Amino acid sequence: MTTPATTVKQRRRPLTPGRIATYVTAVTIALWIVLPIWFLFSMAFTTREEVRSFPKGVLPFIPFSTDTMRFFLGVDGVVSGLVNSLVVASVTVVLSTVISAPAGYAISRYLFPGRNLFRLSVLAVRAFPVVVLSIPLAVLYIRVGLFDSIISVALMHTVLTLPTTILVIASVFASVPYELEEAGQVFGASAWQSFRHIVLPLVFPGIAASSVLTFVLSWNEVFAASVLTLENRTLPALLLNQLSQSGPAYQFAGGFFLMVPSLVFMFFIRKYLFNMWGQVSK
Amino acid sequence: MEELEPTTKRRRNLTPYLLISPALLFLAAFFAYPMFQGLILAVYDDEAVLPLLAEPSLSGERVGEVPPGTRVTIFAQQGNQLDGEITADLLTEQWFFVTGDDPDGAAVEGWAPETRVRVRDEAADGTPLGGTIRPKLGENADPLTPLRGEPSERADVVAELDERAPVAIGEIAVLEVWFDVEAVTDDGTVTAGWAPSRFVRAFESGEEGVVDRGTDGQFTSRFIEKMLDDRFFGPAWRTTLLLMVIIIPLQFALAIIMALVIHARPKGTSGFLYVFSLPMGMSDLAVGILFFSIFTSSGLLNSVLDAFGLIGDTPPTYLGADTRNWIIAAIVLAELWRATSIVMVIVVSGLQAIPDETLEAAELFGASYWQRVRYIILPLLKPSLQVALILRTILAFQVFAVVIALGGGEIVTVLANETYRQYFELRDNNVASAYAVFILLLSLASSIFYLRAVRTENEGAAS
């Protein structure tokens, strides 16, 4: 699986009206996506006076300052929300990967009765909206006394990400031919050794990319986190509930803060993007 | 696309089942079980009726049942062995185990209700240690207070104490008050029996009351009716569908254009691809705030308009209470911005599966670019588009944070927001579940509709 850029060597083509139209469209769409992000970035990294003023400008035409960001991080509950979000996302990544990896391996390596049923039920879980799942889980957590704990949010996020992770990891394993494992065993390695020394290094980048995806999904998730917590809010749940009572500096800085992981991680996983979404959308 | 067929066929063994068991167990415990329990909430009322019992005891025979809200007449009340914990709202009476001297001077002991003893000596923490028997009011009242063998009006009398007799208080028993009630239900049937007072709210007079809540569950359509009657229900589903109908066609058009641009491989394709797919990983709340920063009256849009001198001294408001259409437009743009990337990635995957030779052949035969898109690319993209359509429709029923960020959730409301409101603001799990079931049914129905639509089309082509 490769990105389109590398499938065919770039051919030198004359600059026809068609090519020009392509570039104009590409740049227009890119601007439509980048400009709003740049504006929010400008608002997050300038002085609070600038954020309040009208008309507003964008960097570098307005002073650069960490004032807004420092103000945002100083607001009550933001740092603990940040910590909660990080803990939830990390627990989700670990749980989701640990549970999915064996299942993904089983789907990609074994033909067993019930394999298709298992794949289908995993897909069915994906089809259930978060909204539908959150209320029953909240009621269950209240019953067992897990309500308003970040563990409950992590468990919920694991349910949400598990199907995607299983299918992505299965496709990652499927991309490593079984013959390689067999070859290792022919040369005297045990099944575990050939898995550990041949398969694992090959699948590691793919699994890391899927973990990153899981992290971002958990970091972004707001509905379940709002339903399942009251005091121990994650960052998105906190922001959502304070949105109407807060000023623009808090809102813009918070919004930008929420975006940062996806901006960074999308860069690292862009190679795997098609592999993942190709699988997921099947 | 990687095909998921296993690369090997090993002999049948238990290994794959062991490998998938953690995932299965986890999904059973945290998906299937709560899902089942939760969906039941929409049609099952845990507190549908209060059973009335033949005697003031939980083991009493059930003589009838009354739903919450029924007016009842209270005939008698009586303390009874407490079942469960003491809570603040519980109507209780206390009984003291007292020792004292009877009128004949003999030492006696037994249980007396708190109302018959005036406490005169307390420990530091307020525990009563001793007191005197209260005198009885009224001319002909028997001056003697009976002591009973057990803390209950119905227990045998073991001794009697004179009024003002000093007593030492030992053990204390807390009893729950039970009411003997009679209820006339809507259809005129009369039910009478005993019920614990915690389920019946007595009025000031003590002779009348109302059933507060029930203890026994029953299936009911009450919550679904409540949802249908909810004043936000109509606006919510209409807006959800409206947003879907506007967003999805625009989104697919934009996604196909983006995919075609990527497919044309301009210089820096991977850079464009990164930028085009940027919104995919973004939190919907962050995107909501992003578009709020654009459309708020001192935001980017008005700043740009101001720079061109297009607005006067007071910048117009877009996200106010009387600019519903502007809010909808802002939501549409935000959703287009946010969720088009996913569709694009699916479409690009589909485009990659179309052999270059096919397109080159068409080009050789003189097909224009538009003709190639219309007659070759789009028909071949159909399976990818179908997948994307199902995915997007399911996601469209869940728009939530963007709507809250842009419209506050009152002027423009959607189904997910109403689920949240019912759960969070109104604390009504049952109606919230009814909303969840409604969303689930809509998602399922639309998925089945798309799948069937494509299947009938294929059958039509085959015949």
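Predicted model: local features only at pLDDT ≥ 70, side-chain atom pairs only at ≥ 80, totals over all residues.
User: How many residues of chain A are in contact with chain B?

Analyst: On the chain A side there are 88 residues, and they are in contact with 95 residues of chain B.

User: Which helix of chain A gives the most to that side?

Analyst: Helix 2 of chain A, residues 17–44, gives the most, with 13 residues.

User: And what is the split by class on the chain A side?

Analyst: The side of chain A that touches chain B has 65 nonpolar residues, 20 polar ones and three charged ones.

User: Left-handed or right-handed?

Analyst: The crossing of helix 5 of chain A and helix 1 of chain B is left-handed.

User: Which residues meet there?

Analyst: From helix 5 of chain A they are Ile99(A), Ser100(A), Pro102(A), Ala103(A), Tyr105(A) and Ala106(A). Across from them, helix 1 of chain B brings Pro16(B), Leu19(B), Ile20(B), Pro22(B), Ala23(B) and Phe26(B). By class, this contact of helix 5 of chain A with helix 1 of chain B has 11 nonpolar residues, one polar and no charged.

User: Now a pair inside chain A. At what angle do helix 9 and helix 10 of chain A cross?

Analyst: Helix 9 (residues 178–186) and helix 10 (residues 191–220) of chain A cross at roughly 125°, and their axes come within 9 Å. Helix 9 and helix 10 of chain A are therefore oblique to each other. Their crossing is right-handed.

User: Which residues make that contact?

Analyst: Helix 9 of chain A uses Leu180(A), Glu181(A), Gly184(A) and Gln185(A). Helix 10 of chain A uses Ala191(A), Ser194(A), Phe195(A), Ile198(A) and Val199(A). The contact of helix 9 with helix 10 of chain A divides into five nonpolar, three polar and one charged residues.

User: Switching to domains. What does the assignment give for chain A?

Analyst: Domain 1 of chain A is 4–70 and domain 2 of chain A is 75–280. The C-alpha centres of domain 1 and domain 2 of chain A lie 29 Å apart. Their contact takes nine residues from domain 1 of chain A and six residues from domain 2 of chain A.

User: Which elements of domain 1 give two or more residues to that?

Analyst: On the side of domain 1 of chain A that touches domain 2 of chain A, they are helix 2, helix 3 (48–52) and helix 4 (67–74) of chain A. The largest share, four residues, comes from helix 2 of chain A. By class, that side of domain 1 of chain A has six nonpolar, one polar and two charged residues.

User: How is chain B divided?

Analyst: Chain B has domain 1 at 49–214 and domain 2 at 227–462. The C-alpha centres of domain 1 and domain 2 of chain B are 64 Å apart.

User: How many helices and strands are in chain B?

Analyst: Chain B has 12 helices and 14 strands.

User: Is chain B compact or spread out?

Analyst: Chain B is more spread out than a compact globule, because its radius of gyration is 36 Å, well over the 23 Å that the globule rule gives for 463 residues. The C-alpha trace of chain B spans about 125 × 80 × 50 Å along its principal axes.

Notes:
Residues numbered from 1 in each chain as written. Chains lettered and ligands numbered in written order. Contact = placed C-beta atoms within 7 Å. Nonpolar A, V, L, I, M, F, W, Y, C, P; charged D, E, K, R; others polar. Domains from an automatic or database assignment. Axes fitted to C-alpha atoms, helices over the stretch in contact; angles between N-to-C directions. Parallel < 35°, antiparallel > 145°, perpendicular 65-115°, else oblique. Left-handed = near helix turned anticlockwise from the far one by under 90°. Rg over C-alpha atoms; globule rule 2.2 N^0.38 Å.
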